[in-house]
Amino acid sequence: MTGQGGEFTSHFSSQFNQELENLRSRVIAMGSAVEHQIVDAVAALETSNENMARSVIGADLHVNALEVYLDEECGRILARRQPAAGDLRLVFAVIKAVTDIERIGDSAKSVARMAIKLIEAKPTGTVPSLAHLGELVREMVQKAIGAFAEMDVNVALQVERADIEADAEYRTVMRTLTTRMTEDPKAIDWALNLIMAARALERAGDHAKNISEYLIYLVQGKDVRHVSIEDRERQVQTRAAQSTPQRND
């Protein structure tokens with residue numbers, strides 16, 4: 001296994017190499033699945049498509065099954081291979097990332113459920129859109145999984161930056177909906193459904209950011225949690241410079 005600044009190695013056991021690569025590929029597949037869930041859940045919300053919403057809810061079973069499989073596979077590798085250095089970080093990063101990916105799927109399921117409730121509420125007048133927030137979150141999920149696939153800390157940092165924009169859009173949505181409920185008490189029931197959907201999307205973005213943090217830890221061995229985005233970028237750049245081979249002219 002090789003990575004951008006990482007310590008991943010090729011092993012005498014081709015089976016061990018395959019097991020490690022299998023972990024990464026299954027994480028990527030699971031991430032792709034929840035990205036589609038986010039897309040379809042937001043589409044169901046925007047278009048009042050109950051069938052699509054119920055399909056998102058049903059798809060959560062597949063994501064849950066992948067989570068169970070990956071947890072068990074990580075346990076087997078830890079027990080049988082006793083990995084060290086970068087390989088151990090890979091297993092730990094997968095364990096953590098899988099939890100956040102599954103929660104992104106749960107967030108999508110929550111949005112789908114709110115879509116069904118919104119349809120049942122039969123709102124009158126113009127309903128505020130969550131399409132932009134949904135697209136921002138989808139991009140965060142896509143980049144977080146892409147960073148994991150390519151072992152790219154720079155893409156992971158883009159997710160960190162994107163979370164700032166997603167949070168700002170979430171606050172805008174909340175202000176809009178709060179104002180709407182204040183001005184029109186009849187809108188409270190359906191607006192609350194949108195508030196919960198927006199909150200679920202915001203949480204999904206937070207989980208995508210968590211995945212990017214695990215990737216930075218995986219590649220550089222640096223824990224960047226609870227650190228400002230500026231400090232994260234400096235730490236990542238410093239570590240990358242330190243791991244770059246020096247030229248001897």
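Helix 1 is followed by S48, a residue with a positive phi near 55 degrees; helices here are DSSP runs of H or I with at least four residues, numbered from the N terminus. The model is predicted, so local features need pLDDT of at least 70 and side-chain atom pairs count only at pLDDT 80 or more, while totals for chains, interfaces and linings use all residues. Residues are numbered from 1 along each chain as its sequence is written, and side-chain values use heavy atoms, with hydrogens and water left out.

Helix 1 covers residues 14-47, which makes 34 residues. The expected span of a helix is 1.5 Å times one less than its number of residues.

Salt bridges were counted where a side-chain nitrogen of Lys or Arg lies within 4 Å of a carboxyl oxygen of Asp or Glu. By this rule there are nine salt bridges. One of them joins E21 to R24, with the closest N and O atoms 3.5 Å apart. Both residues belong to helix 1 and are three residues apart, about one turn of the helix. Burial is judged by relative accessible area: buried means under 20%, exposed over 50%, and partly exposed in between, with a 1.4 Å probe and protein chains only. E21 is partly exposed because its relative accessibility is 32%, whereas R24 is buried, with a relative accessible area of 11%.

A second salt bridge is formed by E35 and R138, whose closest N and O atoms are 2.8 Å apart. E35 lies in helix 1 and R138 in helix 4, so this pair ties together parts that are 103 residues apart in sequence. E35 has a relative accessible area of 15% and is therefore buried. R138 is also buried, with a relative accessible area of 15%. E35 and R138 are linked with E135 in a network of salt bridges.

The side chains of K209 and D163 also meet in a salt bridge, at 3.5 Å from N to O. This pair links distant parts of the chain, since K209 is in helix 6 and D163 is in helix 5, 46 residues apart. K209 counts as partly exposed because its relative accessibility is 21%. D163, at 4% relative accessibility, counts as buried.

Helix 6 also holds E202. This residue is buried, with a relative accessible area of 9%. When residues up to four places away in sequence are not counted, E202 touches D167 and Y170; contact means heavy atoms within 4.5 Å.

M196 is found in helix 6 as well, which comprises residues 188-220. M196 is partly exposed, with a relative accessible area of 42%. Together with I188 and L192, M196 makes a nonpolar surface patch of about 230 Å². Patches are made of residues with over 30% relative accessible area and no salt bridge, where like charges are joined within 9 Å and nonpolar side chains (Val, Leu, Ile, Met, Phe, Trp, Tyr) within 5 Å. Accessible areas come from the Shrake-Rupley method with a 1.4 Å probe, and for residues only the protein chains shown count as cover.

M151 lies in the loop between helix 4 (131-150) and helix 5 (153-183). Its relative accessibility is 2%, so M151 counts as buried. M151 and I216 are 65 residues apart in sequence, and their C-alpha atoms are 8.4 Å apart in space.

Definitions and conventions
Helices (H or I, at least four residues) and strands (E, at least two) are DSSP runs, numbered from the N terminus.
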